[in-house]
2 protein chains.
Amino acid sequence: MLSFEQVSELAVESATKVVLIVADGIGGLPNLSTGKTELETASTPNLDRLALTGMCGLHEPVSAGITPGSGPGHLALFGYDPLKHLIGRGVLEGLGIDFPLQPDDIAARGNFCTVDDSGFIVDRRAGRIATEKAANLCRLLSDLKIPGLEVIVRPVREHRFLLVLRGNGLSPKLEDTDPERTGVAPLAVKATSLDANTTARRVQVFVDEARRILRDQRPANMILLRGFAKLPNIPKFPAVYKMRAAAVVTYPMYKGLARVLGMNVYEGTSDSSGSVKVLADVWDDHDYFFVHFKKTDAYGEDGDFSRKVAAIEELDGAVAGIEALKPDVLAVTGDHSTPAVLKGHSWHSVPFLIHSKWCRPSGVEHFNESACVRGNLGIFPGLAVMPLLMAHALKLTKYGA
Amino acid sequence: MLSFEQVSELAVESATKVVLIVADGIGGLPNLSTGKTELETASTPNLDRLALTGMCGLHEPVSAGITPGSGPGHLALFGYDPLKHLIGRGVLEGLGIDFPLQPDDIAARGNFCTVDDSGFIVDRRAGRIATEKAANLCRLLSDLKIPGLEVIVRPVREHRFLLVLRGNGLSPKLEDTDPERTGVAPLAVKATSLDANTTARRVQVFVDEARRILRDQRPANMILLRGFAKLPNIPKFPAVYKMRAAAVVTYPMYKGLARVLGMNVYEGTSDSSGSVKVLADVWDDHDYFFVHFKKTDAYGEDGDFSRKVAAIEELDGAVAGIEALKPDVLAVTGDHSTPAVLKGHSWHSVPFLIHSKWCRPSGVEHFNESACVRGNLGIFPGLAVMPLLMAHALKLTKYGA
């Protein structure tokens, strides 16, 4: 696989337009009663037509057997090796709400949670308290004075908040305090590297103080922290690929990811047709469009097979609207699989289709797992998606004489 | 993938003979009116029979989405990682006409071209002037005296020539002066690295002098330079693979490539049957035979679908002649795809077949893109071709105990 620098050397500007639709977690597994996956169950006439006239395959976002988080899954689709570029959840959360992170800040994603009198977790999401309620609690926490630390706590959505710690010599090499299960106490703040020991002690002071302040705020009477991270130094997408890039997204984390890569971020809508309108509005000013649909993943995580099927059918309708914009290259895939039967992300390869004037059709009549595996792109690394998009858009010159 | 050193450690001499037929640019795309590619359109009874009894797949010469030049495409087929070994066009051109390049020489491929009175390029190939005419102009340019530079200019074919500059401290890190389009002036000689600034200035003096000398030679009244390069330090094919290697080729660049790898080069003929005779003549003295057919690429570049189909059918006839020599391993593929509809090299994977006593047949009834994708070699990196050839020839011992 070529490096950024090598792809960048081959990249040329051209008038062609590329749309990548990422239906989060679209890949699935067979429903126990029907033997069919979510995609195999859904009626998707538009995706099927694109599959038949385009090229199909399955991609592996990180590598065989590896279940990607949303960050690595997306990074791979944007051509950034997810094994080299790991952007912490905290940073993504911060960028997602437009917080101006500074290079030495450490950021974490926080949850308000409920603990019982013994301090054991009863609900990791504090009954999904309202965002306004969480905003009040964030103000209380922001008032905390920890020696040598500036504490910034911002509400994100429902029980989720952003924690930013500012100070000298802070290290993000800290383990999560969220044990990701109930019936146990939140974990202590632990360093994963010797040089983070001092930071760990200072963050523990913050956590202990937070618990004291929230004591009477049940259900939100404690916090859990995940994904401590610093702003990464990462090459910018428009510079690498010589494309003006637009991201049409709704969820904060994906906004954050798009921003850290230098894409222009536009607010999508949770119903896909609204996102198509946004896309049309910014069409003339960009060459590359990342369109994110979250519902497929959300229903997969909920284990709600039939709602995931309905989300796929909604996506199929939106695809027709995007086709009407006449992109030169239209690709549809996911950042990973989220099978409803697994109720979470999985390691399974992800259906992929690309449609342009320069396709060798596969004779694949449906866009789903069992059909794409017979497609003529085979099973390929997620990192190959960007070169494929660029090639079909005639935006890559020849390598070598 | 194993390195050279690792493959070399496993390589053993044996009495088996391996033929690799490279039909340049053989892969294609569907014709807009028939929906069939060049290979799918051609009648190829011999290739189809080999596909049915051998093993099939598609290879990616560099990696997904990357359009290879002929150099990288061939290097991959010979087992040299094209991302590590990039041989400049100038060197290939020099080796192709048997010019004894010295380690410190820099070489470039030159074109005579036509410029108008304002110095703008009218024809990048000077109306493809006759080779003899070009030879006279090369003599004029060779007489140029540039301080500190020995200038050698040799005709190649038609408007193409080889420029070799000999002197102390020359660097090949120079950009092409060929803008690859008409209506603009040739580009100035520019260094791509600080240490090449002095060389750039000296080569510019040569270009300016050349323009003065050619002033009245319209249509060949200017030159364009591409692919500045030095002789690379590259492991020799016969030593790595322990095979005596013969290359049967017609075009200078491929001769150059074969020579730099240490193959013995024999002049093929443009009609394939002549090349088969040459192959027979040198059969006993070699273990590995690289047979190059250029026409498939040439007609692809011309956008001449039906002539490319005819070239494939001619190749199919030649295959029968090569089979009559009874090679132990016979493989057929291309160095890249050159779809007639794209009129140029492309990034699409390339049909591959291998035939030996040790095959698992795929039930693939045709040698073409849509059939090979169902073959049992799948889609694989071009770098895997050499280990496959060696394995089928029983020339690789077991790796590890």
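**Ground rules.** The model is predicted: local features need pLDDT of at least 70, side-chain atom pairs count only at pLDDT 80 or more, and totals for chains, interfaces and linings use all residues. Residues are numbered from 1 along each chain as its sequence is written, while chains are lettered from A and ligands numbered from 1 in the order written.

**Strand 6, chain B.** Five of the seven residues are buried, so strand 6 of chain B is largely enclosed by the rest of the structure. Buried means 20 or more other C-beta atoms within 10 Å of the residue's own, with C-beta atoms placed from the backbone.

I then looked up its partners (pairing takes at least two DSSP bridges between two strands). Strand 3 (residues 106–115) of chain B runs antiparallel to strand 6, with six bridges; B:Arg109 has B:Leu162 as its bridge partner there. Strand 5 (residues 150–157) of chain B is also antiparallel to strand 6, through seven bridges, and B:Ile152 stands opposite B:Val164. Two residues lie between the strands in the hairpin of strands 5 and 6, where B:Glu158 takes a positive phi near 50°.

**Chain A against chain B.** I found 18 residues of chain A in contact with 30 of chain B (C-beta atoms, placed from the backbone, within 7 Å). Helix 14 of chain A gives the most to its side, with four residues.

Technical notes
Two residues are in contact if their C-beta atoms, placed from the backbone, lie within 7 Å. A residue is buried if 20 or more other C-beta atoms lie within 10 Å of its own, exposed if 12 or fewer, and partly exposed in between; C-beta atoms are placed from the backbone.
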